[in-house]
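This report concerns aromatic rings and the groups around them. Please look at the sequence and the model first.

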Number of protein chains: 2
Amino acid sequence: MTSRSRVRLSPQERREQLLDLGVSMFAHRNVEELSIDEVAEAAGVSRGLLYHYFPGLQGFRDAVVRRVAEEFVVATAASDAPDPMERLSTTVVNYVDFVDANHDAYLSLVRAAAGGDPGMKKVYDDARSALAERILDLGVLDLVPDSEAVRLLVRGWQALAEEIVLAWKAPGGPDDRNAVSKADVVAMLTDSIAAILLTATPAE
Amino acid sequence: MTSRSRVRLSPQERREQLLDLGVSMFAHRNVEELSIDEVAEAAGVSRGLLYHYFPGLQGFRDAVVRRVAEEFVVATAASDAPDPMERLSTTVVNYVDFVDANHDAYLSLVRAAAGGDPGMKKVYDDARSALAERILDLGVLDLVPDSEAVRLLVRGWQALAEEIVLAWKAPGGPDDRNAVSKADVVAMLTDSIAAILLTATPAE
C-alpha cells in the first residue's frame, strides 16, 4: 500500500482527489454552476474518467455535497478539555472557522438540502444529527439532564448558529462591513448555547 | 359597497375567497400537490374563472404562499401589555398557535422559500423580516440596546423557533408522542429569547 508512486493513484485515491477538487471549486461557486467539463479540465483528466468514477453530473455533485458534509463533521471535532463548556466552545470556534473558510460550499449544502432533493436532504440531516449528537455528548449532557426538550433545544441552537453565521457572512452582511467580528460571533454562539440550555431546566 | 349580495362577490372578494380556499387546502397538503382543477372544484367555479384571477397554477400557488405569509404576520401580532417580556411572550404564544394550526401550510412556505424560487424566497424573507422588526419593536429594544449583534441574535432566535416548532410538530415528533406539550414549547421559546438577548450584552 505504501509503495505506490505519487503519480499512479489507486481508484480510491483518484476518486478522493476529484472530490477534493470539487469541494474546493464549489467553496466559491454554487453547486448548480459546476460542470463536469470544468472539473475534468481542472483535474487534468478526461470527461470519460470522471464519468467512470461518478454516475453523471448529478452523482458527482451529490458526492461533493456529501464530502462537504463529512468535512463539516470532521472540522467541528472537539478538544478533550475536562470542562464541558470549554469542549462546547472549541466546537463552536471550529464551526465558525469552517463556515468562514467554506462559506459558499456550506451554503450550497444548506441549499441543496432545502431544495427538496431527498438524497441531499438526507446528507444534510445526517450531518446535522451527527453534530447534534456530538454537542450532546461533548458537554450538554454533562450540564443538563437528557430530555426531549433538551434535544429540541440543541436542534434549535443549531438552526440559530447556522442562521447567525450565514447572515454574518452574507454579501453586505456584518462581516463584509466589519460590523461584527468573528470573535463576537463565536461569543454569541457559545453564550447562547449555555443560556438556552438553562431554559430546559424547569424553574419550579 | 355594503349593499352587495352575499352571492355576487366583487372580483376582489372572489379573489380573496379563492386564496382562503387555497390556504385551507394547503394547510394539510404540500403546495406542489395543489392542482387548479381541485381548487376550481372545491370553490365551485370554473377553471377558466380561476385563470381569470391568477396567471396560471404557479401564479395561484405563489399567491397562496404569499397569503400564508401575510396570515403568519397578522397571527403573530402582539398585545399592548406594558411589560416588554409579556408582549414578546404573547407573540411567541401566537406564533406557536399559528404553526400548530397551520403546520403543513407553514412548512410549505418554508420549503417554497428554501426551494430556490427567488419570488418565494422573497415572500418568506419579507415575512421573517416583518416578524424580526416586530420582535425588536415589541420588547427587545426595551430590554437591550440596538446593535448589529442584537439583530443577528433575533434572526438566530427566529431560526431556532422555526426549527423547534417544526421538529416538535413533525410526524413522529415530540408532539405526536405527547412527549413535549405546547406549553413547554412556548416556555422554551420565550425563555430562550430572553436568555439569548442577555448574551448580546458584553460581559466586561
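The model is predicted, so local features need pLDDT of at least 70 and side-chain atom pairs count only at pLDDT 80 or more, while totals for chains, interfaces and linings use all residues. Residues are numbered from 1 along each chain as its sequence is written, chains are lettered from A and ligands numbered from 1 in the order in which they are written, and side-chain values use heavy atoms, without hydrogens and water.

A pair of aromatic rings is described by the distance of the centres and the angle of the planes. Rings of Phe, Tyr and Trp (its six-membered ring) pair if their centres lie within 6.5 Å; planes under 30 degrees apart are stacked, over 60 edge-to-face, and the rest tilted. Over all chains, the structure holds 12 aromatic pairs.

| Pair | Centre to centre | Angle between planes |
|---|---|---|
| F72(B) and Y95(B) | 5.7 Å | 70 degrees |
| F98(B) and Y106(B) | 6.5 Å | 90 degrees |

Buried means under 20% relative accessible area (1.4 Å probe, protein chains only). F72(B) is buried at 4%, and Y95(B) at 5%. F98(B) is buried at 7%, and Y106(B) at 2%.

In chain A, ring pairs join F72(A), Y95(A), F98(A) and Y106(A) into a cluster.

A charge sits over a ring if NZ of Lys or CZ of Arg is within 6 Å of the ring centre and within 35 degrees of the ring normal. K169(A) lies over the face of W168(A), 5.9 Å from the ring centre. The charged end of K169(B) is over the ring of W168(B), 5.9 Å from its centre.

Note on methods: Buried < 20%, exposed > 50% of the residue type's maximum accessible area, 1.4 Å probe, protein only.
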